[in-house]
Amino acid sequence: MKPKSRSHDPLKLDMAAFAGDHGELAGDWPLQTLPRLAESAMPEASADAVVHWQARGELRPLPDGTAEVWLQLKADVRLALCCQRCLGPVEETVALDRALRFVADEHQAAALDAELEDDVLSLERALDLRELVEDELLLALPLVPRHADCPQPLPLAGDDEPEEERPNPFAVLAALKGQGGRGTG
Ligand SMILES: [Zn+2]
């Protein structure tokens, strides 16, 4: 591989130049630097979580001599999510592996996004790759995280509430009737 002519900053990525160089970047980001994703996880159990990511720029030549700008993006993170059944932490690997196409302006991006199955983004002067990875990982989160088998038996509603503290509806009714009786008698 020949040496890259320039270095690329993943937080201020010039996507057109990155693709032109067939640039490659990879690294780790602590979960805490992706605050929206961190919010979706259980804080104590995910404190040490790290997002591993890699990005590759690509120019795909077209017959007319121009080229499409593509980004191959991969990322994964192991998160402790809140089990929707027992509310305990459930470990999930959230991963993405996709190709994103970049076009010159937002109007074109919106039009193509509606028309094609691929994700189409507009070329910005400085793309924040970490924000993009965060967006994509948020979309990849399971809708209803839960254990296949919850480790704790499920608490039954009202189990910890002593029986005698709950008013018995029939006793309440009887008391009202009793009051009425006294009124007339
Ligand atoms: Zn569970």
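Predicted model: local features only at pLDDT ≥ 70, side-chain atom pairs only at ≥ 80, totals over all residues.
**Helix α4 and the zinc site**

The buried residues of α4 pack against β1 (24–30), α2 (35–39), β2 (50–61), β3, β4 and β5 (119–122). The buried residues in question are L129, L132, V133, E134, E136 and L137. An α-helix has 3.6 residues a turn, so residues three or four places apart point the same way. At the N-terminal end, α4 is capped by D128, one of whose side-chain oxygens lies 3.0 Å from the backbone nitrogen of R130.

A polar atom of the E134 side chain lies 2.7 Å from the backbone nitrogen of R36.

The chain as a whole contains five helices and five strands, which follow one another along the sequence in the pattern α-β-α-β-β-β-α-β-α-α. Of its 185 residues, 32% count as buried. Among contacts between residues at least 6 apart in sequence, 59% join residues at least 24 apart. The chain exposes about 12300 Å², of which carbon and sulfur atoms supply 52%.

The zinc ion has as its protein donors C83 (SG), C86 (SG), H147 (ND1) and C150 (SG), which lie 2.0 to 2.4 Å from it. The angles among these four donor atoms run from 105 to 120 degrees, and the site is tetrahedral; in sequence, the donor residues are spaced C-x2-C-x60-H-x2-C. Because C83 lies in the loop between β3 (67–82) and β4 (89–103), whereas C150 lies in the loop between α4 (129–140) and α5 (169–184), this pair ties together parts that are 67 residues apart in sequence. Both C83 and C150 are buried.

In the loop between α4 and α5 one finds A148, which is exposed, with a relative accessible area of 74%. The C-alpha atom of A148 is separated by 9.5 Å from that of V90, a residue 58 places away along the chain. In the loop between β3 and β4 one finds L87, whose phi is near 65 degrees, a positive value in a residue other than glycine. L87 counts as exposed because its relative accessibility is 57%, where exposed means over 50%.

A positive phi also occurs at H22, where the angle is about 50 degrees although the residue is not a glycine. H22 lies in the loop between α1 (15–20) and β1, and its relative accessibility of 42% makes it partly exposed.

Notes. Residues numbered from 1 in each chain as written. Heavy atoms only, no water. Donors = N, O, S within 2.8 Å, 3.2 Å for Na, K, Ca; no water. Tetrahedral: all angles 85-135°; square planar, octahedral: opposite > 155°, others 65-115°. Helix = DSSP H or I, 4+ residues; strand = E, 2+ residues; numbered from the N terminus. Buried < 20%, exposed > 50% of the residue type's maximum accessible area, 1.4 Å probe, protein only. Contact = heavy atoms within 4.5 Å. Areas by Shrake-Rupley, 256 points an atom, 1.4 Å probe, with all protein chains shown as cover. Polar contact = N/O pair within 3.5 Å; in protein donor to acceptor, adjacent residues only side chain to side chain.
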